[in-house]
Amino acid sequence: MSMEFIPVRAPESPTFSWACWRRLARAQWAEQRPQYLAHLLVCGMLYIALLLFLLGVSGFSAFQTPVQVSLYFGGLFLTGFVFAGRYFGAMAQRESALLALMRPASVFEKWLLCAVVVAMAYPLAYSLLFLAISWPVQQIAMAVRSALEPQTFKPEDYVLFVPLAKMVARQAMPVPQQAGLLIGFWALQAFAVAGSLYYARASLLKTLALGFALFVLTALVCSVAGVRGEVLFAWWSSRRSVPLDAGVQAINVLLWIGLPALLWLQAYVHLKEKELQ
């Protein structure tokens with residue numbers, strides 16, 4: 001008598017299931033796709049309006065590489081904070097909050113999807129939008145400046161800024177400093193997500209006010225304690241003005257690894273509290 005073995009599917013983990021997480025991601029994309037695209041559309045329109053103003057008042061000279069860097073990171077921090085603060089916007093209303101919390105997914109899966117969308121997908125989409133707008137503007141600015149000032153025009157001053165790419169332009173931000181800003185951006189996004197889950201009403205404004213107060217308080221404490229900026233940003237400095245001893249390394253580990261991790265953990269805790277309410 002032959003025995004037939006029937007393969008038994010292993011039970012899914014109550015914490016994380018790849019199939020469940022994919023279903024959650026598809027549902028989130030189908031539901032929030034119009035809002036995501038509208039957010040990017042508004043960002044693009046604001047960026048174009050700002051460029052028209054800057055180029056108009058400067059005679060197309062305000063598009064040098066350092067200006068592009070400032071525009072990129074300024075827009076990334078501002079729009080990324082708003083995007084992260086609105087990711088769990090459904091939690092602000094009781095009816096939509098119940099629907100969001102009742103989705104067949106664990107707290108970890110929802111938190112992980114938030115981290116992927118907010119900290120990975122959004123910077124990528126924002127960067128592609130920035131490059132799609134900046135490249136034709138760069139071509140126009142170079143053509144106009146070379147026509148207006150053919151003797152003094154330097155094309156290397158108008159090299160297109162590509163995030164995390166090594167630049168040959170003068171005064172371009174080094175890649176390590178860009179990486180440091182991106183880590184700070186991830187920490188800011190985690191702070192926005194945690195605030196949106198903690199505050200029931202006007203969460204974005206309250207989180208912004210709290211963040212500004214903490215920034216001012218931290219700056220005052222560092223000023224009184226005599227903490228040097230070179231120590232806080234030693235990992236990302238290209239000049240190495242301070243030695244990377246054990247104390248400096250410990251401060252940078254706490255600031256650039258511990259703080260973002262703690263903020264994302266806080267967002268997870270607040271999301272779990274929402275599930276238990």
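This passage walks through the fold of a predicted model, from its overall layout to single residues.

Because the model is predicted, local features are reported at pLDDT of at least 70 and side-chain atom pairs at pLDDT 80 or more, while totals for chains, interfaces and linings use all residues. Residues are numbered from 1 along each chain as its sequence is written, and side-chain values use heavy atoms, with hydrogens and water left out.

The chain turns out to hold 8 helices and 0 strands. Here helices (H or I, at least four residues) and strands (E, at least two) are DSSP runs, numbered from the N terminus. Read from that end, the order of elements is simply α-α-α-α-α-α-α-α. Of the 277 residues, 35% count as buried; buried means under 20% relative accessible area, exposed means over 50%, and partly exposed covers what falls in between (1.4 Å probe, protein chains only).

Much of the inside can be described through the largest nonpolar core, which has 48 residues. Such a core is a set of buried Ala, Val, Leu, Ile, Met, Phe, Trp, Tyr and Cys residues joined through side-chain atoms within 4.5 Å. Leu76, Tyr87 and Trp264 have the most contacts inside this core. Two or more residues each come from α1 (18-58), α2, α4 (107-148), α5 (175-198) and α8, and α4 gives the largest share, 14 residues. Around Tyr87, leaving out residues up to four places away in sequence, the touching partners are Gln28, Tyr36, Leu113, Cys114, Val117 and Val118.

Helix α4 also holds Ala115, a buried residue with a relative accessible area of 15%. Once neighbours within four places in sequence are set aside, Ala115 is in contact with Met120 and Trp264. Ala115 and Ala267 sit 152 residues apart in sequence, yet their C-alpha atoms are 9.8 Å apart in space.

Ala267 belongs to the buried residues of α8, along with Val248, Asn252, Trp256, Pro260, Leu263, Trp264, His270, Leu271 and Lys274. This helix covers residues 246-276, 31 residues in total, and reaches 42 Å from its first C-alpha to its last. That is close to the 45 Å expected at 1.5 Å a residue, where the expected span is 1.5 Å times one less than the number of residues. Helix α8 does have a kink of about 35° at Gly258, shortly before the proline Pro260. The bend at a residue is the angle between axes fitted to the seven residues ending there and the seven starting there.

Helix α2 (residues 65-85) includes Thr65, which is buried, its relative accessible area being 0%. A polar atom of the Thr65 side chain lies 2.8 Å from the backbone oxygen of Val159. A polar contact is a pair of N or O atoms within 3.5 Å; within protein, one atom must be able to donate a hydrogen and the other to accept it, and residues adjacent in sequence count only if both atoms are side-chain atoms.

As for charged pairs, the structure holds 1 salt bridge, defined as a side-chain nitrogen of Lys or Arg within 4 Å of a carboxyl oxygen of Asp or Glu. The partners are Glu149 and Arg145, with their closest N and O atoms 3.0 Å apart. Arg145 is buried at 11% relative accessibility, whereas Glu149 is partly exposed at 35%.

Arg145 turns up again beside Phe153, which is in contact with Met142, Arg145, Ser146 and Tyr158 when neighbours within four places in sequence are left aside. Phe153 lies in the loop between α4 and α5 and counts as buried, at 17% relative accessibility. Its C-alpha is 10.0 Å from that of Ser61, although Phe153 and Ser61 are 92 residues apart in sequence.

In the loop between α4 and α5, Leu164 has a positive phi of about 65° although it is not a glycine. Leu164 is partly exposed, at 45% relative accessibility. Phe60, in the loop between α1 and α2, has a phi near 65°, again a positive value in a residue other than glycine. Phe60 is partly exposed too, with a relative accessible area of 27%.

Conventions
Contact means heavy atoms within 4.5 Å.
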